[in-house]
Amino acid sequence: MRNPLSGRTLYIPQMSLEGSACMAAAFRSIGVQAQPAPEATTATYQLAKKYLSGDECLPEAVTLGSLLQITQQPGYDPAKTAVMMPTSNGPCRFGHYLPLLRKVFSQRGEDEVLLFSPSSTDGYADIGAHARELVRTGWRAVVASDILRKLLFSTRPYELQPGASDAVYRRSLDLLCEAIATPQVSQRKRLQRMVAALETILADFSAIAQDRTRPRLLIGVVGEIFCRLDEFSNDQLVRTVEKFGGEVWMSDVSEWVWYTSDEAEKRLIRTGRRCSFSMLGEKIKNSIMAADEHRLLQPFHQAFKKYPEPRHIGEILQLSRPYLPREGAHGEMVISLGKAIWYHHHGVRGVIDISPFTCMNGIVCEAVYPRVSRDLNGFPLRVLYFDGLRSRIETEVEIFMELARNYHS
Ligand code: SF4
């Protein structure tokens with residue numbers, strides 16, 4: 001069967017640059033011409049608004065704007081363009097992204113744009129013979145991009161020369177993508193290349209001139225995955241925290257992947273398939289994922305000592321249980337709350353929960369955080385809402401940092 005992507009450029013929507021660039025590299029490793037979608041800007045957001053009713057959440061609008069920017073690039077040809085857009089069921093508006101995109105491209109007379117929505121339910125049939133290979137490389141890409149982000153956030157606040165960490169980050173991202181995208185190598189060889197690239201990247205970050213004598217407040221950042229990662233959507237929150245004397249420890253994307261895997265197992269148990277081939281498949285998949293993650297993280301044992309992550313997502317869900325049990329509350333709210341408590345137990349001085357305006361996750365967490373904070377002796381926990389309009393983020397962060405400082409002292 002002909003690969004539907006052949007002859008097209010596949011654009012990967014951006015949550016973070018490193019995430020979509022590494023995922024695009026994973027697609028290139030199986031011969032698909034892929035690249036990250038353009039970065040979101042105020043102009044792209046305004047562009048999207050022309051097609052929106054106002055019911056859409058911020059990530060939906062920002063994603064649409066970024067993708068519409070493709071249509072303004074020189075040489076744009078709908079017949080040679082594809083956009084990756086997975087979908088989901090449930091109350092989250094993520095399931096609405098794909099129909100919205102279809103409607104907008106159709107309205108513009110650009111139905112030929114291929115909306116590529118691979119799904120695990122059909123074994124990623126759209127990807128063809130390379131599906132398994134891609135899924136594994138894609139997972140490694142997620143882990144590697146988490147590592148790169150963590151390196152950036154743990155170095156930039158201490159750099160002596162402004163901009164040095166961002167410059168190393170850009171170079172590192174190219175190096176990492178090159179390793180991921182190498183075509184026609186075995187999975188073992190690809191992993192070796194990625195580890196070698198990550199070792200070089202670690203050395204490059206370590207070589208940045210830094211002053212670690214000035215103490216900084218460690219601030220945990222949780223919340224809605226898109227808004228948390230996208231600098232435009234969160235109004236550069238990480239840089240603002242750094243400006244006011246903080247260092248950010250942000251929840252990884254891999255955390256969400258582990259949560260969905262764990263939920264899949266729980267679903268099998270609920271439906272009486274504890275001992276089934278499906279469960280066996282889940283277990284095997286999870287052990288391969290864990291082994292790859294472990295190998296990629298190995299060089300960072302020392303560098304990430306200050307930022308321990310749970311050995312299993314169940315530890316996070318257990319922490320949130322007294323407030324939001326996983327059986328009653330689903331998705332990011334459970335992880336954000338559990339992770340906020342995890343941060344408290346691991347040296348963090350305050351937690352910011354990033355939420356798009358009107359998103360249920362942030363609203364639920366905001367209702368529960370006062371009780372959590374009381375139980376943790378006044379631990380600062382704050383939901384910050386974003387709606388794409390420039391807000392008073394600086395003032396809010398400055399006040400929050402003061403709270404965290406007081407809590408610390
Ligand atoms: S979690 Fe909230 S903000 Fe994110 S896609 Fe779903 S509805 Fe939108």
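Student: Which residues is the ligand surrounded by?

Tutor: In this predicted model, the shell runs through Cys57, Pro59, Glu60, Cys92, Arg93, Phe94, Glu224, Phe226, Pro356, Cys359 and Asn361.

Student: How do you know that the shell has seven nonpolar, one polar and three charged residues?

Tutor: Sort the names by class. Cys, Pro and Phe count as nonpolar, Glu and Arg count as charged, and the others count as polar. Go through the list that way and you get seven nonpolar, three charged and one polar residue.

Student: Which domains does the shell draw on?

Tutor: Domain 1 (9-127) and domain 2 (215-254 + 319-409) each supply at least three residues to the shell around the ligand.

Student: Why is Ala25 called buried?

Tutor: Count its neighbours. A residue is buried if 20 or more other C-beta atoms lie within 10 Å of its own. Ala25 has 27 other C-beta atoms within 10 Å, so Ala25 is buried.

Student: Where does Ala25 lie, and what does it touch?

Tutor: Ala25 lies in helix α1 (residues 17-28). Leaving out residues up to four places away in sequence, Ala25 touches Ala141, Cys177, Ile180 and Ala181. As for Ile269, it is 244 residues from Ala25 in sequence and 36 Å from it in space, C-alpha to C-alpha.

Student: Which residues touch the most other members of the largest nonpolar core?

Tutor: That core has 112 residues, and the ones touching the most other members are Leu10, Cys22, Ala144, Leu176 and Ile180. Helix α5 (residues 131-155) gives the most to this core, with nine residues.

Student: Why do you say the core lies between domain 1 and domain 2?

Tutor: Because domain 1 (9-127) and domain 2 (215-254 + 319-409) both give residues to this core.

Student: What does Leu10 touch?

Tutor: Not counting residues up to four places away in sequence, the contacts of Leu10 are Leu5, Phe27, Val32, Gln33, Ala34, Ala82, Met84 and Phe116.

Student: What makes strand β5 largely enclosed by the rest of the structure?

Tutor: β5 covers residues 217-223, and six of its seven residues are buried, so the strand is largely enclosed.

Student: How do you know that β5 pairs with strand β6 and with strand β7?

Tutor: Two strands pair if DSSP finds at least two bridges between them. β5 and β6 (residues 246-250) have five bridges, so they pair, in the parallel sense. β5 and β7 (residues 350-356) also have five bridges and pair in the parallel sense. For examples, Leu218 stands opposite Glu247 in β6, and Gly220 has Val351 in β7 as its bridge partner.

Technical notes. Residues are numbered from 1 along each chain as its sequence is written. This is a predicted model: local features need pLDDT of at least 70, side-chain atom pairs count only at pLDDT 80 or more; totals for chains, interfaces and linings use all residues. A residue is near a molecule or strand if its C-beta atom, placed from the backbone, lies within 6 Å of it. Domain bounds come from an automatic or database domain assignment. A nonpolar core is a set of buried Ala, Val, Leu, Ile, Met, Phe, Trp, Tyr and Cys residues joined through C-beta atoms within 7 Å. A residue is buried if 20 or more other C-beta atoms lie within 10 Å of its own, exposed if 12 or fewer, and partly exposed in between; C-beta atoms are placed from the backbone. Helices (H or I, at least four residues) and strands (E, at least two) are DSSP runs, numbered from the N terminus. Two residues are in contact if their C-beta atoms, placed from the backbone, lie within 7 Å.
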